[in-house]
Amino acid sequence: MAPRLSVHRHQHGFFLSQAQYAEDILQRAGMEHCNAVARPADTKPKPSTSNGVLIDDATSYRSIAGALQYLTLTRPDIAYAVPQVCLHMHAPRDVHQTMLKCILRYIKGTLTLGVQLWAAPTPTITAYSDVDWVGCPDTRRSTLGFCVFLGSSLISRSSKRQNTVSRLSAEAEYHAIANAVSECSWIRHLLGELLCRVPSATMAFCDNISSVYMSRNPLQHQHTKHIELDIHFVREKVAIGELRVTHVPSARQIADIFTKGLPSALFNDFRDSLSVPTPTVETAGGVNGLASPTTRARLSMHAL
């Protein structure tokens, strides 16, 4: 089953979707007639690898979970939930299978969703980073997440478990910022090679005030000695005017969707901000693929 990708052009940009591939996954899982749910992951704490009992058909679990990874190409709204079920491929249990079915039920109700790439007159790079500190019940590692926008278009995102345990929340937050800044630097250099200069500094938003302070303060102290390399890397970008690290309220921290399960209202709001609008009008090719003016206005705020 190839992960088919549909690209539809309209006057404002491109709409990318994998609706047919999503339907194929549901059919393979035998859930093409299942009831839909409003979100791919609930707000409960992450399950342990030892919760529940081992399932009988682990092969089917691994097959569906693996197929879902390709669907995240155009569905960043499931970029957190899918890696969480993939973490348990070695020994899936009934609680993990419930998580997998929740994702499939969510996909059932959102088959028409895709990612929108907007045309932008001036290139600007904006990043959001967040962390779910010590959220893993087995290793106490944190889940890091970030998303990068070029203009109002989401072009990069990440949701992964940290390689080491962070003793402080500020340390984990700063690791997330450094990862986002590294991605933004690569994108900036790539655009430069394509003769598309980015005139303004990259805006990096995080909801941890200590991390914002550390990006501006050259003094080192006991709370930062474990992340000294990340601090020097980020501060160098700030010093040369290539980066600005700014605080954003948690209620507007879009990257939160990549670190934990969220309430439905907040999840839907962040999903719209990720350039994953619900199709409402026809594209130039006659396929629905453009968001409402309200959603597009919200997305344009990334360029400010």
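## The largest pocket

Helices are DSSP runs of at least four residues, numbered from the N terminus. In this predicted model, H4 supplies the largest share of the lining of the largest pocket, 5 residues.

The volume of this largest pocket is about 380 Å³. Its lining counts 15 residues, and Asp42, Lys44, Pro45, Pro47 and Met99 lie nearest the centre. Two elements give two or more residues to that lining: helix H3 (81-86) and helix H4 (94-109). By class, the lining residues are 10 nonpolar, 2 polar and 3 charged.

## Aromatic pairs

The whole structure holds 3 aromatic pairs. One of them joins Tyr106 and Phe267 edge-to-face, with 5.7 Å centre to centre and 80 degrees between the planes. Tyr106 sits in helix H4 and Phe267 in helix H8 (residues 264-273), so this pair links parts of the chain 161 residues apart. Tyr106 is buried because its relative accessibility is 0%, under the 20% cut-off. Phe267, at 4%, is also buried.

Tyr128 and Phe205 make a stacked pair, because their ring centres are 5.1 Å apart and their planes meet at 20 degrees. Tyr128 belongs to strand S4 (residues 125-132) and Phe205 to strand S7 (residues 202-206), so the pair ties together parts 77 residues apart in sequence. Both residues are buried. Tyr128, Phe149 and Phe205 form one aromatic cluster.

## Around Phe14

Phe14 lies in strand S2 (residues 13-17). With a relative accessible area of 35%, Phe14 is partly exposed. Beyond its neighbours within four places in sequence, Phe14 contacts Val7, His8, Arg9, Val115, Gln116 and Leu117. Phe14 and Gln116 are 102 residues apart along the chain, yet their C-alpha atoms are separated by 6.0 Å.

Note on methods:
Residues are numbered from 1 along each chain as its sequence is written. This is a predicted model: local features need pLDDT of at least 70, side-chain atom pairs count only at pLDDT 80 or more; totals for chains, interfaces and linings use all residues. Side-chain values use heavy atoms; hydrogens and water are left out. On a 1 Å grid over the protein atoms alone, a cavity is a set of points where a 1.4 Å probe fits but cannot get out, and a pocket is an open set with protein on both sides within 12 Å along at least five of seven lines; lining residues have an atom within 4 Å of a point. Grid points are joined across faces, edges and corners, and a volume is the space filled by probe spheres set on the points. Ala, Val, Leu, Ile, Met, Phe, Trp, Tyr, Cys and Pro count as nonpolar, Asp, Glu, Lys and Arg as charged, and the others, Gly among them, as polar. Buried means under 20% relative accessible area, exposed over 50%, partly exposed in between (1.4 Å probe, protein chains only). Contact means heavy atoms within 4.5 Å. Rings of Phe, Tyr and Trp (its six-membered ring) pair if their centres lie within 6.5 Å; planes under 30 degrees apart count as stacked, over 60 as edge-to-face and the rest as tilted.
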